[in-house]
Amino acid sequence: MRDYFHSYMVVVVLLLVGGGIVAGALAANRMLRPHRPTPEKLTTYECGVDPVGGDWAQSYVRYYVFAYLYVVFAVDAVFLFPWATVFSAPGYGLTTLGEMFVFLGFLAAGLAYAGKKGVLSWV
């Protein structure tokens with residue numbers, strides 16, 4: 001039982017060391033950077049051009065939905081590659097096949113819902 005908890009202690013120590021390194025780097029950056037704010041530096045920066053117009057802009061929600069759909073299908077691809085490698089391992093064939101059909105069923109249901117809502121029309 002001691003070896004079991006010892007392996008977790010190693011993970012905790014590594015997380016603490018990693019967090020200390022990140023915190024130390026951020027603290028060193030804050031102490032060593034120059035900080036000389038001027039009115040010109042504090043103005044809004046817009047691609048090297050002076051900002052034009054008001055500070056309120058309207059954007060379509062559909063663009064966010066396109067981004068979410070992309071993330072869903074990117075995650076789908078990430079899960080399909082390991083599945084393809086485990087599928088060929090002896091003893092895992094039917095189990096992984098069933099799990100992948102459930103996963104693809106959820107994705108198909110989400111895609112059908114998005115299509116029914118009209119999200120996939122590019123107009």
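Which residues make the nonpolar surface patch of about 570 Å²?

Mentor: The model is a predicted one, and the patch in question is made by Met-9, Val-12, Val-13, Leu-16, Val-17 and Ile-21. One of these residues, Val-17, lies in helix H1, which covers residues 2-32. Its relative accessible area is 45%, so Val-17 is classed as partly exposed, given that this class lies between the limits of 20% and 50%.

Across the protein chain the mean pLDDT is 82, with 92% of residues at 70 or more. Helix H1 has the highest confidence, at a mean of 93, whereas helix H2 (residues 62-87) has the lowest, at 78. Where pLDDT is low, the predicted coordinates should not be read in detail.

Helix H3 may be examined in a similar way. Helix H3 comprises 24 residues, 93-116, and at 1.5 Å a residue these should span 34 Å; the end C-alpha atoms are 34 Å apart, and the two values therefore agree. Its buried residues are Thr-96, Met-100, Leu-107 and Ala-114. Leu-111 also belongs to helix H3, but its relative accessibility is 36%, and Leu-111 therefore counts as partly exposed. Leaving aside residues up to four places away in sequence, Leu-111 touches Phe-73 and Leu-120. Between the C-alpha atoms of Leu-111 and Arg-33 the separation is 49 Å, and these two residues are 78 residues apart along the chain. After helix H3 comes Gly-118, with a positive phi near 85°.

Definitions and conventions: Residues numbered from 1 in each chain as written. Predicted model: local features only at pLDDT ≥ 70, side-chain atom pairs only at ≥ 80, totals over all residues. Heavy atoms only, no water. Patch = residues over 30% accessible without salt bridge, like charges linked within 9 Å, V, L, I, M, F, W, Y side chains within 5 Å. Areas by Shrake-Rupley, 256 points an atom, 1.4 Å probe, with all protein chains shown as cover. Salt bridge = Lys/Arg side-chain N within 4 Å of Asp/Glu carboxyl O. Helix = DSSP H or I, 4+ residues; strand = E, 2+ residues; numbered from the N terminus. Buried < 20%, exposed > 50% of the residue type's maximum accessible area, 1.4 Å probe, protein only. Expected span 1.5 Å × (residues − 1). pLDDT = per-residue confidence, 0-100. Contact = heavy atoms within 4.5 Å.
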